[in-house]
Each structure stands twice: as C-alpha cells, then as structure tokens.
Amino acid sequence: MTKAIKTAEELIDKYCIESHRELNLEEICNAEGLFIEEVELNGLLGNIIYENNYGLILINKSISHPGMKRFTITHEMGHFFLSKNSNINKHGCSYDSLSNYSENKNHEAEANRFATELLMHKPWFSRFIKNIPVCMDLIKQISEEFTVSLTAAAIRYAEIGQYPIAVIMSNDNLVQWAFINDSFPCRYLPVGSPVPKESNAWDYFNSDEMSTEEDLIQARCWFTEDFRCSQTTYFYEQSIAIPVTKSVLTILWESEFK
Ligand SMILES: [Zn+2]
C-alpha cells in the first residue's frame, strides 16, 4: 500500500498541485501517455490496456455520477502507474473492484488506495472537514467538493476523519462490507450479517420508503456479536440509498460527537 501512497504523492509533487481544485486528471493522463475513452462496457465500470509507457483507459459511458466516473478514471490510472513495469498489461474493473479496500495486497485494493490518495490527499481532505460535525450531509459535501463517489468519501472519512465512524454497505438485507475507524468502539461486523430491523437501512429492503434522517440506534442492533458493545451504547445512524446497485450506504457515529 505504501507504493500506492508514494506514487500518488509523487504525481502531486511532479505537477505542483496545491489543492484538489487544481487536480486535472485529463492533463496528467495526456502528459503521462494515457488516453481516456467512454464506451459501452458490459458489467464493468472501467478497464485499462497498456504497453510500455502508453495506456488506453475505457470508462463505461452509462456512469452518470461525476464522482463515480472520476474515481473510476483514477483507479485505472492507479493500475497503470503501479503495474506498468510488471508482466500484467490489462485490468477489467467492476463495482466490486471499486469498493475493494482490503488490507491484503491485491491490484484492485492498491488501485483504490492510489485513487483515494490522489483525489483526497490527506492535507486537502483534513483542511476541508476541519471542525464540521459528522453526518451524511458532510459525506455528500465531501463527495461534491472532491468529485468522488459517496462510498469513496465515506471510506476516506472513516480512515482519516476528525471523528471515528463506521461505514456499512448493505444489499438485500445483508451486510456486504463494513469499513470501521480504528478508534470506533465496536468493530466486529462480519460480511453477511443481517441488517437490523431497527435500522432505517432495513426499511429500504422491506418497505417502499426509507428515512434518510439521522436516528439513534442501540449499538448492539448492528454489532450483535461484538462482546465489547455494551447494552447502553447508542450510535447515531444515517443511511442513503445507492439505487444503481440496490444497496444502502450507512454511517454510524458515537452520540457524544453530535
Ligand atoms: Zn481495477
């Protein structure tokens, strides 16, 4: 992962980029021998083919969210910069690839790490979020300000935000993945855990409407198997639907950080 972080920082230095608003991906791609085309791609968000010092990035033209498009382009750039001297010369990237933040060394997680570090470089990110109370509205503001997906914004906040949060993606009543800050009081939430009935996220899968307001929820409702979660701990919870994947993105934060 350090290679991905270092590579992103080197590009920021090389092009003397002072803030995220100065970050022009197309200019960097042109200067680095990368070409971008929007095409129809079956089942993939993006892919890249490269040889020597040239590469062609193909982006699914059905991506309508500008943040998702920008994150996908940067993810493909990550493949190029991180593997151009290896014997691999192509990658095809799905929704699952773009939400792979595994700590294990793999190409998709490394490309996401590169994209996160380039688009939401730590000093720029920390400056933007400073002293703003955490809630889904802040995640939306980050997504708009840095032109990234809501998921990428939420995960970056969970990593380096001012307050510890848990980010949960659920699909079809089950937890698909969770990304939890190291200081968050409850951490054990295995993939495939049921979405609790007390949660607004449950309503999305089981009724026509889901409240997007913040609500207090007992910590044990989500973290049923985490012995560190006491009966008296409550979190704020706020959810937003991701209609394209029929999923729900939920954030939890401690009630004293309100
Ligand atoms: Zn990929």
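**Entry 1, conventions.** I worked with a predicted model, in which local features need pLDDT of at least 70 and side-chain atom pairs count only at pLDDT 80 or more, while totals for chains, interfaces and linings use all residues. I numbered residues from 1 along each chain as its sequence is written, and side-chain values use heavy atoms, with hydrogens and water left out.

I looked for disulfides (a pair of cysteine sulfur atoms within 2.5 Å) and found that the structure holds one. C186 and C229 form this bond, with their sulfur atoms 1.9 Å apart. I then read the torsion about the S-S bond of C186 and C229, which is about 120°, so the disulfide is right-handed. The pair links distant parts of the chain, 43 residues apart: C186 lies in the loop between strand 6 (174-180) and helix 9 (200-206), and C229 in the loop between helix 10 (219-222) and strand 8 (234-242). For these element names I used DSSP runs numbered from the N terminus, helices being H or I of at least four residues and strands E of at least two.

I next checked accessibility, calling a residue buried under 20% relative accessible area, exposed over 50% and partly exposed in between (1.4 Å probe, protein chains only). C186 is buried at 1%, and C229 is buried with a value of 1% as well. C16 counts as exposed at 56% relative accessibility, and its sulfur is 18 Å from the closest cysteine sulfur, in C29, which is too far for a bond. I also noted that C135 is buried, with a relative accessible area of 18%.

Two packed helices are described by the angle between their axes and the distance between the axes. Helix 7 (residues 136-145) and helix 8 (residues 150-160) pack at an angle of about 115°, with their axes 8 Å apart. That makes helix 7 roughly perpendicular to helix 8 (65 to 115 degrees; under 35 would be roughly parallel, over 145 roughly antiparallel, and the rest oblique). The axes are lines fitted to C-alpha atoms over the stretch in contact, and the angles run from 0 to 180 degrees between N-to-C directions.

Which residues of helix 7 and helix 8 make the contact? With contact taken as heavy atoms within 4.5 Å, I listed L138, I139, K140, I142 and S143 from helix 7, and L150, A153, A154 and Y157 from helix 8.

Leaving out residues up to four places away in sequence, I242 touches L150, M169, S247 and L249. The C-alpha atoms of I242 and S170 are separated by 9.9 Å, although the two residues are 72 residues apart along the chain.

T7 sits in helix 1 (residues 2-14) and is buried at 12% relative accessible area. With the same exclusion of residues up to four places away in sequence, T7 touches F81, L82 and F114.

T147 has a positive phi of about 45° although it is not a glycine. I located T147 in the loop between helix 7 and helix 8, and T147 is partly exposed, with a relative accessible area of 27%. N173, also not a glycine, has a positive phi of about 70°. N173 lies in the loop between strand 5 (165-171) and strand 6, and N173 is partly exposed at 21%.
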